[in-house]
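Here are some notes for a colleague who is opening this entry without having seen it before. Please read them with the sequence and the structure side by side.

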Amino acid sequence: TMCTGTLLCLLPLTWLRSLQVLTVPVLLSNVVLLCGISWVYYCAFVQIGTNGVAPNLVAFNWEELPVFFGCAVFSFEGIG
């Protein structure tokens, strides 16, 4: 049923002869995406401005640096 629903949604897109028809929907989707990202940044800055930064926030934790490199190497090996 999931494949049928996807097929029914994507089938009309195969009938397009020119991608110029999609310029307005793509523009609107970019505007919505930009608004969403802006809203996330706005909420983050308001939260930081209201409550401040976490009291025990450490910019760089030297003690856990080997754990970070271990996770990074493991991720690269798993992905690549």
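1. The side chain of T23 reaches the backbone oxygen of Q20, and the two are 3.0 Å apart in this predicted model.

2. Readers who want a sense of distance may compare T23 with T1: the two residues are 22 apart in sequence, while their C-alpha atoms are 31 Å apart in space.

3. Helix α2 covers residues 23-51, and Y41 lies within this helix. Y41 has a relative accessible area of 51% and therefore counts as exposed, since the cut-off for that class is over 50%.

4. Y41 also belongs to a nonpolar surface patch of about 760 Å², which is made by L33, I37, Y41, F45, I48, V53 and L57. For the chain as a whole, the accessible surface comes to about 7800 Å², and carbon and sulfur atoms account for 74% of that surface.

5. The secondary structure of the chain consists of three helices and zero strands, so that the order of elements, read from the N terminus on, is α-α-α.

6. On overall shape, the chain has a radius of gyration of 23 Å, whereas a compact globule of 80 residues would have one near 12 Å. The C-alpha trace spans about 60 × 40 × 25 Å along its principal axes, and buried residues make up 0% of the 80 residues in the chain.

7. As to confidence, the chain averages a pLDDT of 91, and 99% of the residues score at least 70.

Conventions. Residues numbered from 1 in each chain as written. Heavy atoms only, no water. Patch = residues over 30% accessible without salt bridge, like charges linked within 9 Å, V, L, I, M, F, W, Y side chains within 5 Å. Areas by Shrake-Rupley, 256 points an atom, 1.4 Å probe, with all protein chains shown as cover. Salt bridge = Lys/Arg side-chain N within 4 Å of Asp/Glu carboxyl O. Helix = DSSP H or I, 4+ residues; strand = E, 2+ residues; numbered from the N terminus. Buried < 20%, exposed > 50% of the residue type's maximum accessible area, 1.4 Å probe, protein only. Polar contact = N/O pair within 3.5 Å; in protein donor to acceptor, adjacent residues only side chain to side chain. Rg over C-alpha atoms; globule rule 2.2 N^0.38 Å. pLDDT = per-residue confidence, 0-100.
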